[in-house]
Amino acid sequence: MTRFNTQLVHGLPVDDNNTGAVNPPIYNSTTYAFERVDAMPRYDYARSGNPTRDFLERQIAQLEQGTRGFAFASGLAAIHAVLSIFKPGDRIVVGDNIYGGTYSQLNEFFTRWGLKVESIDTQDLEALTAAVQGDPANGIAPAQAVYFETITNPLLKVNDVRGISAVAHRYGALSIVDNTFVTPYLQQPLALGADIVIHSSTKYLAGHSDVNAGLVVVSGEELANRIYFAQNRLGGVLAPAECDAVRRGIQTLALRMDRQQENALAVGRYLLAHPLVKSVHYPGLPGAGDQRLASKGLKGAGGVLSFEVVPGVDPADVLNNLHVFRLAVSLGAVESLAELPCRMTHFELPREERLKVGITDELVRLSLGIEDAADLIEDLGQAFEIAYEEYIKRHAEADVFSQLTSGAFA
Ligand SMILES: *Cc1c(COP(=O)(O)O)cnc(C)c1O
C-alpha cells in the first residue's frame, strides 16, 4: 500500500475512462444511459452517484482509513445527513465548544425535530461518562452518540478521540468527530476508535477559500448504508465540478499544512512575547503540550490559533488595521485570516454560553496561511501599534473627563 502523501496525490482510481488523462474527468451528466431496460448500470442519476464524486469519496475514505466516504454541498449539509440517522427522542451528547453553525443546527433545528441535545465539556471524561450513561432508573436512556471536534474552535482545546470514543462505546453510543481543524494529515479519528468523521472540506481539504463542501467517512457497512440513504434522500450532494476542486485541494494538503503550522508557531511565539497580548491559545507552542498532542494521536496542532488582548485594548483596533491578514471568517486556506469570534463566527452563541466556555470579548482568532511569517508578524506589529495609540488616546480623554467631573478644573 502506498503512503499518505502519495495517497493525497493519486487517490484511488475509479477506472472509468481510457483516455490516459492524469486527472479524473469532471462528468457533468445528470443521467446515465441504460444498456437495456433490465440492465443495472453502475450509475443512473447523478444525485445517487457519479464518477467524479466517487473519486473524491474514495480519496477521503482512504485518507481517513474508513469503509466509505460521502461528499456533501457543505459541512453543515454533511452534519445534517449524519445527525438524520438518529430518531426523535434520541439523546446526543455534544461538546460544549463546537462550531457556531453546528450549535445552531443542533439547538434550533434538531431539537425541534425531537433530538435531545446535551452540552458537556468533552475534556472532562468523568462528566462525559455521566452524561452518556444517563439515568436509566429515572427514564433517561444512555445517549445514542457523542459529537465533538478534534481541536475546539476558537480556543484550540485538544480532545482525546480515543478516550471519548471508549466512553461512548461503553454505553453503546456512536463517536462522531468533526475533524475539520486537523484533517487526516494530522489525525485519523477512525483509527483511534471513532465511528464517523465529518469535515467541512471548505476549509483545509479544499484549502483555497473557493468551494463550500462537506465530507463524511464512516467505519463499517451498516453506517455506510445509513449515511448513503441520508445523502441520496436529503439530497445535499456536492456537484461534480466542486468535487474536483476538493480533490485538487487535497493533493497539496500536506505541503500547505506544514507551512501553516510553521507560521502558526512563529506567530504564536511572537504573540506570547507581545506586551499587548494577555494569552495565546495554540497547542503547538512549546510547553503547551507537544507531548499531549502525541498522546492524543495528533501529529501537529494545525494552523489556527487565538489570543486575547490585555484589558483596555480594543481588539477591533487590532483587527481593523491589518493589511496582510484579511478580516474574514472561515479558515484553513492559503491566505491568512483574522476575526473576532464574539462578533463574527460565534455570534450565534448566547453571550453567557460564550463566556462560560471562555470565548471572551477580547479573543481574536487567526487562521494562518502560507505567506512569509515575517510579513504576518510585521502586519500584526503595526496593527498593535495603532491599537496602543488608540488605547492611550482613550485613557487621556478618560483622565480629562474624570478631572472635569471631579471638579479639578473648577
Ligand atoms: C466551517 C465549519 C463547519 C461548517 O462547514 P460549512 O462548509 O461552512 O457548512 C463545521 N465544522 C467546523 C469545525 C467548521 O469550521
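Reader: Where does Pro-154 lie?

Author: Helices and strands here are DSSP runs, numbered from the N terminus, with helices (H or I) of at least four residues and strands (E) of at least two. Pro-154 lies in the loop between S4 and H6. This is a predicted model, in which local features need pLDDT of at least 70, side-chain atom pairs count only at pLDDT 80 or more, and totals for chains, interfaces and linings use all residues. Residues are numbered from 1 along each chain as its sequence is written, and side-chain values use heavy atoms, with hydrogens and water left out.

Reader: Which peptide bond is cis, and what is its omega?

Author: The bond from Asn-153 to Pro-154 is cis, with omega near 10°. Leu-156 is in the loop between S4 and H6 as well, and has a positive phi of about 60° although it is not a glycine.

Reader: Is Leu-156 buried or exposed?

Author: Buried means under 20% relative accessible area, exposed over 50%, and partly exposed in between, with a 1.4 Å probe and protein chains only. Leu-156 has a relative accessible area of 4%, so it is buried. Ser-330 also has a positive phi, near 80°, and is a residue other than glycine. Ser-330 lies in the loop between strand S10 (326-327) and strand S11 (337-339), and its 24% makes it partly exposed.

Reader: With what is Thr-152 in contact, leaving aside its neighbours within four places in sequence?

Author: Contact means heavy atoms within 4.5 Å. With those neighbours left aside, Thr-152 is in contact with Asn-97, Lys-157 and Asn-159. Thr-152 is found in the loop between strand S4 (145-149) and helix H6 (161-170), and is buried because its relative accessible area is 6%.

Reader: With which side chain does Thr-122 make a polar contact?

Author: A polar contact is a pair of N or O atoms within 3.5 Å; within protein, one must be able to donate a hydrogen and the other to accept it, and residues adjacent in sequence count only if both atoms are side-chain atoms. The side chain of Thr-122 makes such a contact with the side chain of Asn-159, at 2.8 Å. Thr-122 sits in the loop between strand S3 (116-120) and helix H5 (125-133). Thr-122 counts as buried because its relative accessibility is 4%.

Reader: How many disulfides does the structure hold?

Author: A disulfide is a covalent bond between the sulfur atoms of two cysteines. The test is a pair of cysteine sulfur atoms within 2.5 Å, and the structure holds zero disulfides. Cys-243 counts as buried because its relative accessibility is 1%. Cys-342, at 10% relative accessibility, counts as buried.
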